[in-house]
Amino acid sequence: MVEYLPSGVVYAATEDLPAAARQVIEGLTASTGPGSEIEWRGPGPAAADVDIEVAWDDQAQAVAYSVRGRPERTVALDDLNQALAQDWDHYRQDVDAAGQLLERLDAITNPAGLGVEETQIGFDPYRRTVTAQVMVLPERTEHGLLPTPGMRGELTVEETGQRAFLGLQGAQSTGRLTDEHARQLLSYAVQEARREPGQAAWEALHPHTAGLRDHGLEVEDPALHWDRMVGVSVQVHPPAVEAGPLGSWDEQSVTFSLDGDELAIRAGGPITQELRSGVLDAGDERTMWLSPDLAAAPGVGEMSSTEVAATILGMSQEEFDAAASSVREGLVAARDAAAPRRSATSIFNDLRTHLIRVGSLLPDAARDTASTSFDLDRGVAWVRAQAMDASHRPITIGVPVDPDSPLLEVVDRQVVEPGTVGPWVDPTPLSDAERYEAATPVSEEQAGWDIDSAVLRDADEHTARTWATWRAAGAQGWSTQEAAALERWAQAQATLAGDDAHVTIHETVPGSALETDTATAAAGRLIDLQGGGLDCRVATTSPGEVTVATPAGVATMTTTEMMDQVRASWPDTTTQTLEHISGRDQALDLGPQVRERAETAMLTVYTTPSCMGCEMTRRQLDKAGVAYEAVDLSGRPDLVEQFRAEGLRQAPIIETPDGQRTAGFDPARIKAIVAAATPQQATGSPGQSSDSGGARPSHTPHQRSRGHVKGMHL
């Protein structure tokens with residue numbers, strides 16, 4: 001007998017159950033939780049809607065009871081209250097857990113649009129998991145096209161670790177997932193399970209039939225068939241065919257299909273073929289089914305298939321050829337769109353594997369908090385560091401499923417009104433589709449540089465300082481006096497250079513890896529140099545050495561080497577300007593004829609890819625306004641051999657108009673060339689220091705891993 005108590009408890013009991021036992025049961029309080037839509041797995045009452053099943057054992061004078069999700073127990077009547085209270089408390093906890101897990105499950109399955117009949121849900125109280133058996137049945141579409149793929153799978157949401165598992169029948173496993181990734185994966189899998197091949201083929205083909213439709217012709221829906229791979233064809237005919245004799249449909253239609261990737265054209269039907277072969281008698285009554293234009297055309301037997309097709313459709317040969325070429329492209333696209341695609345889990349696993357490309361670009365401390373979104377439609381995983389929430393230029397990096405494709409980079413924000421400043425809260429990020437449309441390909445070096453710049457240059461001070469500390473993690477640091485001295489020198493050098501050269505200093509957060517237990521705490525600095533032909537960040541690492549990061553990569557060099565390169569990029573133009581104003585160097589102006597000759601003289605700079613000395617040389621020449629021709633030696637092995645024979649083994653190689661060549665990055669040589677090429681600028685030009693930001697210059701200082709390397713070896 002089943003009893004429904006006012007408290008919400010439902011129990012089944014034998015008629016001989018003592019009143020004392022009933023009183024204990026009626027004192028129980030029900031827990032609000034999932035109802036009959038979820039199946040409890042494991043021991044418990046046989047009926048799905050019964051919370052507790054109780055029986056009286058008269059011989060043993062004991063009560064046997066079973067609470068849903070708990071093993072059956074037999075206790076003395078006097079012990080029933082205590083024992084049942086304990087089991088009932090466990091049951092209430094199970095109900096609460098099932099409710100929370102079911103909410104998470106709904107958040108994953110509801111966006112996929114699964115119907116109630118497509119899922120069967122069960123709760124395992126011992127494992128504390130909710131599992132949904134998912135089944136999307138294939139559906140046959142109209143006109144005999146291929147059915148929708150359908151799918152079967154199992155989604156499990158576990159309480160421990162707040163993770164989910166998704167397994168799709170016939171596809172590889174993904175292992176543990178976050179709820180959000182499970183949602184993305186399931187939504188894509190269901191979308192693919194319901195994808196109608198015929199509709200996908202039509203959407204791919206339709207734009208390519210405009211040349212036929214614009215001519216007033218009727219284009220039928222594409223026909224699909226399966227023969228080791230998807231085949232697709234499309235039939236085209238004049239509108240009058242539909243009102244003509246029944247047999248005229250095939251004879252006055254043209255069918256386009258593919259033979260491999262090549263276009264195959266069938267013009268007309270069997271009667272048309274008889275006409276072309278000359279076996280059709282002129283008095284044959286079936287001629288009424290032929291295309292009137294074709295029947296009246298002379299020399300049909302000598303026509304090619306494309307000429308017959310153009311005649312049937314009433315098009316000029318030129319118009320038909322152009323339309324047919326477009327149809328071929330459309331048929332290829334339609335075939336690919338209708339073909340079975342890779343499973344969702346296969347794409348997901350590949351993308352997750354390739355995420356290491358972005359993980360290596362982030363500081364260790366930033367990886368765990370970065371958000372990842374999987375755009376399975378386009379085969380891209382998007383990674384966004386949490387620090388971007390505090391940046392006015394938040395960068396998100398996309399990792400394509402093709403490992404040979406470059407990374408994608410996008411400024412991940414909606415449109416912001418010009419002049420908007422702060423607060424340091426990022427506007428709404430773009431959708432995955434918007435990210436893909438706005439993204440540009442970048443190298444991994446450039447992506448890493450832009451990620452750092454988005455935080456160090458465009459975020460608030462606290463976020464930038466924390467990020468700088470992460471970047472400097474593990475460094476030995478300098479003494480406070482040394483770090484402060486380097487900072488003052490960089491600031492002074494920017495002031496002397498003038499123009500838009502400026503320096504930003506990021507000190508590390510107290511308690512970071514840069515601090516030691518010595519009497520004089522180590523001081524960490526991240527010095528950001530911008531403008532005036534420089535774009536780099538210098539980090540104090542071990543005593544006497546610095547690490548220099550640029551858009552092209554990272555290198556370690558001595559402090560002296562770094563200072564020499566900064567001086568070469570930021571010459572003392574302010575002092576030169578003062579000297580010019582005082583009249584000390586007026587004699588250096590050699591007159592208009594020399595200036596004209598310097599302006600028209602052409603230097604040649606021979607470079608190699610990824611050569612930082614080459615890049616720095618070109619930047620200095622560009623800054624000085626010196627005309628030159630750049631030649632990439634990667635495409636000129638003949639010149640490389642010639643230069644090696646001359647003993648020139650390092651790029652860049654600079655060739656002056658008089659034929660003299662020098663090899664390797666040489667700041668003094670560049671300065672002499674600039675002075676000779678632009679003598680009117682030797683006295684300097686006025687400039688002023690600026691602390692404001694601006695567009696990021698693309699030039700970077702030359703970097704060397706060790707020693708005094710002058711350039712890149714040929």
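This is a predicted model: local features need pLDDT of at least 70, side-chain atom pairs count only at pLDDT 80 or more; totals for chains, interfaces and linings use all residues.
1. Residues are numbered from 1 along each chain as its sequence is written, and side-chain values use heavy atoms, with hydrogens and water left out.

2. Let's begin with the overall count. A search of the whole structure gives 29 salt bridges, a salt bridge being a side-chain nitrogen of Lys or Arg within 4 Å of a carboxyl oxygen of Asp or Glu.

3. R378 pairs with D375 in a salt bridge, with 2.9 Å between the closest N and O atoms. R378 is partly exposed at 34% relative accessibility, whereas D375 is buried at 4%. Here buried means under 20% relative accessible area, exposed means over 50%, and partly exposed lies in between (1.4 Å probe, protein chains only).

4. R435 and D412 form a salt bridge whose closest N and O atoms are 2.6 Å apart. This pair links distant parts of the chain, 23 residues apart: R435 sits in helix α14 (residues 432-438), and D412 in the loop between β20 (407-411) and α14. Helices (H or I, at least four residues) and strands (E, at least two) are DSSP runs, numbered from the N terminus. R435 is buried at 8% relative accessibility, and D412 is buried at 0%. Both residues also belong to a network of salt bridges that links R384, D389, D412, D432 and R435.

5. Another salt bridge joins the side chains of R457 and D528, at 2.7 Å from N to O. These two also connect distant parts of the chain, 71 residues apart, with R457 in the loop between α15 (444-456) and α16 (461-471) and D528 in strand β25 (residues 525-531). D528 is buried, at 1% relative accessibility.

6. Now for the helix pair. Helix α18 (residues 559-569) packs with helix α21 (residues 612-624) at an angle of about 30°, their axes 10 Å apart. Axes are lines fitted to C-alpha atoms, for helices over the stretch in contact, and angles run from 0 to 180 degrees between N-to-C directions. α18 and α21 are therefore roughly parallel to each other, a label for angles under 35 degrees.

7. Which residues in α18 meet those in α21? Q565, A568 and S569 in α18 meet M616, Q620 and K623 in α21, where contact means heavy atoms within 4.5 Å.

Technical notes:
Angles under 35 degrees count as roughly parallel, over 145 as roughly antiparallel, 65 to 115 as roughly perpendicular and the rest as oblique.
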